[in-house]
Structure formats: C-alpha cells, structure tokens
Amino acid sequence: MIGARLPVVAVVGRPNVGKSTLFNRVLGQRKAIVDDTPGVTRDRHFARADWAGRDFFLVDTGGVVEGSDSPLDRAVRAQALAAVEEADLILFVVDARDGIHPLDEKLATLLRLSERPVLLVANKVDNLPRETSHHEFWALGVGEPVPLSAISGKGSGDLLDVVLEALPDPETAPAEPNTVRVAVIGKPNVGKSSFVNRLFGEERMVVSETAGTTRDPVDSTMRYHGRNLVFVDTAGLRRQARIHDSIEYYAWLRATRVIREADVCLVLTDASSGIHMQDVKVAEAAWDSGCGVILVVNKWDLVERNGSTAPGIEKAVRARTPFLRWVPFVFTSALTGQRVRRTLDLVLRVQSERERRIPTAELNRELGRLVARHPPAHSRGRAVKVRYGTQVGVAPPAFVLFSNLPREIQPAYVRYLENGFRSRWPLAGSPLRMRFKADAGSGRR
C-alpha cells in the first residue's frame, strides 16, 4: 500500500481559551464538549479533518487546570510535551480578550524549546479586521499571532490556509517492490508482542502480563516466499472513552496511523475470553481504512475442550458481523506456536486478493448476469439501469459502475452486487470499494 502519512495538528493552550470551540469549528461538527468551566476537556479528542483537499489529524488536548493535585509547572509541562511528542504542527491558542497570562508564557517557553513548528492562534478576536488586540502576543516569541473568532468562524479559513502552508510536505511510503506492511493490532494484552516474537523465533518485543507494555509501533522484517513482510507490533487499542493518560493516548494515535499505512492487519483476539464488540470495532477500523484483514484468535491453547470448536466460533462471529463473512480466521497459540506460521500464507493470500485486477470483459459479464437476475428497483416510475462497469483501482479493489440514475441505487442493491462479485471472485480478507456514476447517455450526473 503506497499511502500518504497524514500529519498531526495538536491544539494546545491553557483552560478556557477556546481550544474545543476551534476543534469543532475546523471539523464542522460538535465533537468536543464546550463549556465556560475551565478543564471540561479532560480526555483528548482526535479526528480527521480536511481543508482545500488536504487531510490531517486534529487533536484537541485538555487545558491545564489551576489548583490541580500536581504542581502547576509540572502539569503545564506534561500537557505541552504530550502534544508536542506526536504532533507535526502545534496550534498554540491564547485568549485575546484576557491578554498574556503567566500560563501562556510558560507554554510558549516549552514550545520554543521543542523546536517544533508552532502557530500562535489569538482567539476571541470578534471584530476582525478592525481589532488589533492580538498584536501584544508577539511578546511570547513564538511568531506572528493569527487572529480569529472560533465561535463565529471569523478568520478560521485564513488560519487553515496558514496551517496548510506550515504542514510538512506529504510523505509517501517508498515504493519498495514485493514489500507487504503487516500491522498486528488488537485490544491490550491479547498477546500481540508474544505472537510477533513467536513468528520470528526470538524476543523482539518486550512481553509482560501488564496490559499496555507496548507503547510505540515496532517494525520487524522477514523474507517469505520472495516477499518482504514488515510486521508492526502496535499498542493495544482501547475505546477512546477509556484512554486517560497522555502517553497511552498518543500510543493509540500512533497505532491508528499504522493501520492506515498498512497493507494487511492481523487482528488479534483472546480465545480464552471470547470475541467481543471491541475486537470487532478494531477489525472494522482496519477494514474501513482499506486494509486486508485476518482475524487471529490467539491463546487457543487456553480454551477448554468443552464443546467449543473453531468452526462453531467462526460461524457465530460471522453471523453477528456481516463484513467478517469475507475475513479469514486462524486459531493460534503464541505460547506453543500452534498455527502461528500459517498466518504468513494468509498474509500473502490476502495481499494477492487486494492487488487483484479483474478484466473489464469478465467483470461486465458477471455484472450483466447479476442485473438480469435481479434488476434495481424502480424510482418514481422510472427504470433504474446499471449498464456497465470497470475496475479503477487496487489495494483495495475499487470499481465504478455506470447507471442512468446513479443516485437512486439503494444500499441493499449495492450489497447484492458486492455479494455477487464476491461469489465470483472471493477477494478473501480484502475490502471492496464500489461507486456509481452517470453514464454518458443518461443526461443526468
């Protein structure tokens, strides 16, 4: 998978300067709770944003709360450094109404020492362009203040233009032939590091009974059947609501970036505790990102032989979650090595399916057969027709189908076509992208 690495923009500042309001403004939706009470944002919010065709990750950090248990300087330092650690660009938000605050000066000092790109955002400048209150923030020594009113949106477009100029150039993963990036993901303490160690036959990762031992993604490479397999062991993925400390949060952020840059994801689950909704959510995140997915049911050696069988578990999980119908399962034990090496063959198989190209003539024969057997439903008395299609991309396979009324194609019919395609070409473990366009003779776009 050759994909651009999305940059991270972190919003930092003391409490009640409007960080969450700015976060919501950039996203165009109310994701972060906004309140006049300082310290409302305790956990960090993370979302994908875009401006002028450029995507980036935006992180809303909690402000430093005065009167907290820890000393003020220590709290300021921990908050700022946690954001700086991962971010490609810092939005340092200050309150233009209040003027320069001692906490602003402390944060400015830390940000200058970090040598990371910083944009100083003077918020609550409501009378642009006449108001000049933001100019005093030049004294912080972190560059020119960019004025805006996050609550009304004034100046937000100008700020985002400056953000794009300050972001690093898009990094593209190098086009290494025959290389497959494999992310090993899952909840904390399902045995990801033990699994990678067993694959390589040596202690490459620190293994502990304590959940969350792995913080940073770690790469290990092997050669298998003529291809380079780069395995990335990631921190355990919790639900964001259960992430509390800065180190764990940014470990989770790095893990989600690894998923986006991977070709195939091995989603590890714990057989001894069963497959839960959070396991499915992790697999779904990888599937939605376009990765190939393999569900690895680890710790199979701990399952008592009480009638539970691999086929039975697999059938129950697939019935509960439709997209897992197309995902290979493998039941392993990192402790004993049972079926661990089988995942290597599955990785190559899934990647081959992701890279598969279907000849246009063959695709249209199958499409014609499916449409003839079950045409789309009429729309307001008009016949909806799907006339032809073509494959426009791989990794994952992507198709464009042409219709006289593309907007009237119902989701159920899209699922019918996808199921029909997969019956003909299984594309095991690989997502499938399908979109509809107006054909040239329809007169409607």
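1. D263 and R354 form a salt bridge, and their closest N and O atoms are 3.6 Å apart. D263 sits in the loop between α6 (246-261) and β12 (264-270), while R354 belongs to helix α9 (residues 342-354), so this pair ties together parts that are 91 residues apart in sequence. D263 and R354 are both buried. Keep in mind that this is a predicted model.

2. Why can such pairs form? Side chains of opposite charge can pair when their charged atoms come close. How many salt bridges does the structure hold? The count is 15. A few of them are taken up below.

3. Look next at K187 and D279. Their side chains meet in a salt bridge, at 3.7 Å from N to O. K187 is in the loop between β9 (179-186) and α5 (192-200), and D279 is in helix α7 (residues 277-288), so the pair ties together parts that are 92 residues apart in sequence. Are K187 and D279 buried or exposed? Both are buried.

4. Now take D126 and R97. A salt bridge joins their side chains, with 2.7 Å from N to O. This pair links distant parts of the chain. D126 lies in the loop between β6 (118-123) and β7 (146-147), R97 lies in the loop between β5 (89-95) and α3, and the two are 29 residues apart. R97 counts as exposed because its relative accessible area is 56%, and exposed means over 50%. D126 has 23% relative accessibility, so it counts as partly exposed.

5. Salt bridges can also be joined up. R14, D98 and D104 are linked in a network of them. D104 returns in the next point, as one of the buried residues of α3.

6. Helix α3 passes a simple length check. It has 13 residues (residues 102-114). At 1.5 Å a residue, they should span 18 Å. The end C-alpha atoms of α3 are 19 Å apart, which agrees.

7. Which residues of α3 are buried? They are L103, D104, L107, A108, L110 and L111. These residues cover an arc of only 165 degrees around the axis, so they lie on the same side of α3.

8. Finally, look just past the helix. E115 follows α3. The phi of E115 is positive, near 60 degrees.

Note on methods
Residues numbered from 1 in each chain as written. Predicted model: local features only at pLDDT ≥ 70, side-chain atom pairs only at ≥ 80, totals over all residues. Heavy atoms only, no water. Helix = DSSP H or I, 4+ residues; strand = E, 2+ residues; numbered from the N terminus. Expected span 1.5 Å × (residues − 1). Buried < 20%, exposed > 50% of the residue type's maximum accessible area, 1.4 Å probe, protein only. Arc of directions from axis to C-beta. Salt bridge = Lys/Arg side-chain N within 4 Å of Asp/Glu carboxyl O.
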